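I went through the chains in turn and wrote down what I looked up.

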Amino acid sequence: MARAYADFDQFVAAHVDDLLRTAYLTAWDEAEAEDLVQECLFKVARRWPRVRLMDQPRAYARRILINLATDGARERARRRVELDPPPPGAAERSVDPLAALDTHVELVEALRLLPPRQRAALVLRYFHDLTESQAAEVLGCSPGTVKSNTSRGLARLREVSDLSLQPRSTKT
Amino acid sequence: MSDLLEQNLRDIFSERATQIDPAASARLRGIDYRPRRRRRPALPALGALGVSATAAAVVAVATLASSAAPAFAGWSPTPTRPAAGQLAAAEQACSANRGTPVLTDTRGPYTASIYADATSSHLCLEGGSLSIASSNSGASQSDVPPGQIQLAGSGMKNSAGQALTLVDGRIGAGVTSVTIDRSDGSSIQATVSGGWYLAWWPGTAHATTADVTTTTGTATEHFPSAPQGPPPAGCPTGSHCSSGYSFGSARPGSTQNTMGSSRSQ
């Protein structure tokens, strides 16, 4: 068993930051990202004797990570609310009228509100610069599904972007 | 427009990726993710170490490493907020896959979780060198009168002298908090959640009374006496071995005292 895990520590050292960034950008929450990476690495470790023989162990780990991030997003959000209620005024911050003038801020907020699967597709395409086929492999879906999730995500962001570029008086 | 949007998107992702706390990476690197090998002792021997408020232990696995020093570093007499990743790590170590626990009690780096349905329960206590898991069948919440709690506990000690005592059980309707008074005169705040309470502490001091608070006031209930004297024999120094006892009852009013010891290696 020890021999089978000899290179697992190297895998963690080499890829934990990449996984953490992917988790953070997909889940959009730092504490949740850390939880996700931890859970992901536990799962990878359990299957490491097989995973280490794969051509792309990192792609496999990313796939587990994104599945965790997208499949369990609703349940984790519920638990997080129970454990850590938002501070007073947190809800109001999202509609700060000053922030609304800033396209960048609005895009960030729009990204946060995207369905996790769409955000994951955007992260893989525009942060990791994967092709649709490569992203599909990570997401465990067809390239067409990646294309459609990317397209829908971009469309939503474009709406926000176009809106914020208009004169403020036309937004109301 | 699309190119500009895509460039904005790349910039946002890149900028945000730099905001991650470097300590998170360090924490993740410091975890041992390798699967643990668990040795399952003979069922009759550790039967007494099940979730203490229940009558029949189905499976109990306990590991209290003898090499850890100091024992239970970071433990807290009052429940603490879980650190980032702590609950997920406990769930993983527990290999529970039983859904959401009805109760989670965190005291420093230690996490106790109870998974329960109407007729059975599963307890995990993880953290540091500590790893305890047990499954039981027992009383349902309807067995516990309103405003009362099941009074039960268990204790264990390994060959290195590290010991812990744990009390837990179902609560009756209306119970909002439980404080455990111990034989050494100190008190422990229990976690109350999902129809259960739980508290545990290092050492052999046993629970004497429980101050049970409801919306109408606080009442004191008395625990049955814990077995006195040294822990059971059969635990040679240097072996990975634990011994234990349980006390209490499946239903308030009746008493069950059992003792047992087990050697896992």
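Before reading the strands, I set down the term I rely on: two strands pair if DSSP finds at least two bridges between them. I also note that this is a predicted model.

**Entry 1. A pair of strands in chain B**

I looked up strand β12 (residues 207-214) of chain B and its link to β13(B). The two strands run antiparallel and are joined by 6 bridges. Within this pair, I found B:Ala210 opposite B:Glu221 of β13(B).

**Entry 2. The sheet around that pair**

I then asked in which order the strands of this open sheet of chain B lie. The order is β9-β8-β12-β13, 4 strands with antiparallel pairing. I recorded β9 (187-189) and β13 (217-222) of chain B as the edge strands, each of which pairs on one side only. On average, neighbouring strands of this sheet are turned by 25° against each other, direction ignored. As background, I note that strands of a sheet pair through backbone hydrogen bonds, either parallel or antiparallel.

**Entry 3. Strand β11 of chain B**

Next I checked whether β11 (residues 196-202) of chain B is mostly covered or open. I found it mostly covered, with 6 of its 7 residues buried. I looked up two partners of this strand. Strand β7 (residues 163-170) of chain B runs antiparallel to β11(B), and 7 bridges join them. In β11(B), B:Trp200 stands opposite B:Leu166.

Strand β10 (residues 191-193) of chain B is also antiparallel to β11(B), with 3 bridges between them. Here B:Val192 stands opposite B:Tyr197 of β11(B). I inspected the hairpin formed by β10(B) and β11(B) and counted 2 residues between the strands. In this hairpin B:Gly194 takes a positive phi near 60°.

**Entry 4. Chain B as a whole**

I recorded 4 helices and 15 strands for chain B. Of its 265 residues, 45% are buried. I then took the contacts in chain B between residues at least 6 apart in sequence; 65% of these join residues at least 24 apart.

**Entry 5. Chain A**

For chain A I found 10 helices and 0 strands. Along the sequence, the pattern accordingly reads α-α-α-α-α-α-α-α-α-α. Buried residues amount to 34% of the 172 residues in chain A. For contacts in chain A with a separation of 6 or more, residues 24 or more positions apart account for 65%.

I tested the length of helix α4 (residues 57-71) of chain A. At 1.5 Å a residue, its 15 residues should span 21 Å, and its end C-alpha atoms are 21 Å apart, so the two values agree. I also looked up which residues of α4(A) are buried; among them are A:Tyr60, A:Ile64, A:Leu65, A:Leu68 and A:Arg62.

**Entry 6. Where the chains touch**

Finally, I asked how many residues of chain B are in contact with chain A. I found 25 residues of chain B in contact with 32 residues of chain A. On the side of chain B that touches chain A, α1 (2-17), α2 (22-29) and α4 (86-94) of chain B each supply at least two residues. The largest share of that side, 9 residues, comes from α1(B). By residue class, this side of chain B divides into 14 nonpolar, 4 polar and 7 charged residues.

Terms used
Residues are numbered from 1 along each chain as its sequence is written. Chains are lettered from A and ligands numbered from 1 in the order in which they are written. This is a predicted model: local features need pLDDT of at least 70, side-chain atom pairs count only at pLDDT 80 or more; totals for chains, interfaces and linings use all residues. A residue is buried if 20 or more other C-beta atoms lie within 10 Å of its own, exposed if 12 or fewer, and partly exposed in between; C-beta atoms are placed from the backbone. Two residues are in contact if their C-beta atoms, placed from the backbone, lie within 7 Å. Ala, Val, Leu, Ile, Met, Phe, Trp, Tyr, Cys and Pro count as nonpolar, Asp, Glu, Lys and Arg as charged, and the others, Gly among them, as polar. Axes are lines fitted to C-alpha atoms, for helices over the stretch in contact, and angles run from 0 to 180 degrees between N-to-C directions. The expected span of a helix is 1.5 Å times one less than its number of residues.
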